[in-house]
Amino acid sequence: MDLKRSLRDARHRLWLDLARRGHEDAFRRLYDELYGPVAGYVSARTTSGDDAEDLTAMIFHKMVEGLERFDHRRGSVMTWLLAMARNALIDHHRRLKTHDGARSHP
């Protein structure tokens, strides 16, 4: 692993640990740094800008709800958040497929 990534991951872990303790500035920094990669990942995999925004907001909401569940031994904060994004996209596309299938059958 390269030094830049190691430093980024350590910084994210520190901010997440502080956010767990209620430090709003730490969460804000984490959000500011992770928003771009998560929003980009989601936007590249949806056709609607509104859906991408909604999904990104939901992912960060789930992150806040799951701060206590993060385990740095299983991966980086970035990996954890992108896994949430992947799962949110899978669910989103399943809902679209189900909705489109229901609409095409009278």
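**Helix faces and overall build**

Q: Which residues of H1 are buried?
A: The buried set in H1 is Asp 9, His 12, Trp 15, Leu 16 and Ala 19. Buried means under 20% relative accessible area, exposed over 50%, partly exposed in between (1.4 Å probe, protein chains only).

Q: And where do they sit around the axis of H1?
A: They cover an arc of only 130° around the axis, so they share the same side of H1. The arc is taken from the directions from the helix axis to the C-beta atoms.

Q: What kind of model is this?
A: This is a predicted model: local features need pLDDT of at least 70, side-chain atom pairs count only at pLDDT 80 or more, and totals for chains, interfaces and linings use all residues. Residues are numbered from 1 along each chain as its sequence is written, and side-chain values use heavy atoms, with hydrogens and water left out.

Q: Which exposed residues are on the other face of H1, away from its buried side?
A: Leu 3 and Leu 7.

Q: Back to His 12. Buried or exposed?
A: His 12 is buried, at a relative accessible area of 0%.

Q: What does His 12 contact, leaving aside neighbours within four places in sequence?
A: Leu 30, Glu 33, Leu 34, Val 77 and Met 78. Contact means heavy atoms within 4.5 Å.

Q: Switching to H3. Which residues does it cover, and how far does it reach?
A: H3 takes in residues 49-65, 17 residues in total. Its first and last C-alpha are 24 Å apart, close to the 24 Å expected at 1.5 Å a residue. That expected span is 1.5 Å times one less than the number of residues.

Q: Which H3 residues are buried?
A: Ala 52, Leu 55, Thr 56, Ile 59, Phe 60 and Met 63. Seen down the axis of H3, they fall within an arc of 135°, so they line one face.

Q: What about the face turned away from the buried side of H3?
A: Asp 50, Glu 53, Asp 54 and Glu 65 are exposed there.

Q: Zooming out, how many helices and strands?
A: Four helices and zero strands. Helices (H or I, at least four residues) and strands (E, at least two) are DSSP runs, numbered from the N terminus.

Q: How much of the chain is buried?
A: Of its 106 residues, 29% are.

Q: What are the spans of the C-alpha trace?
A: About 55 × 30 × 25 Å along its principal axes.
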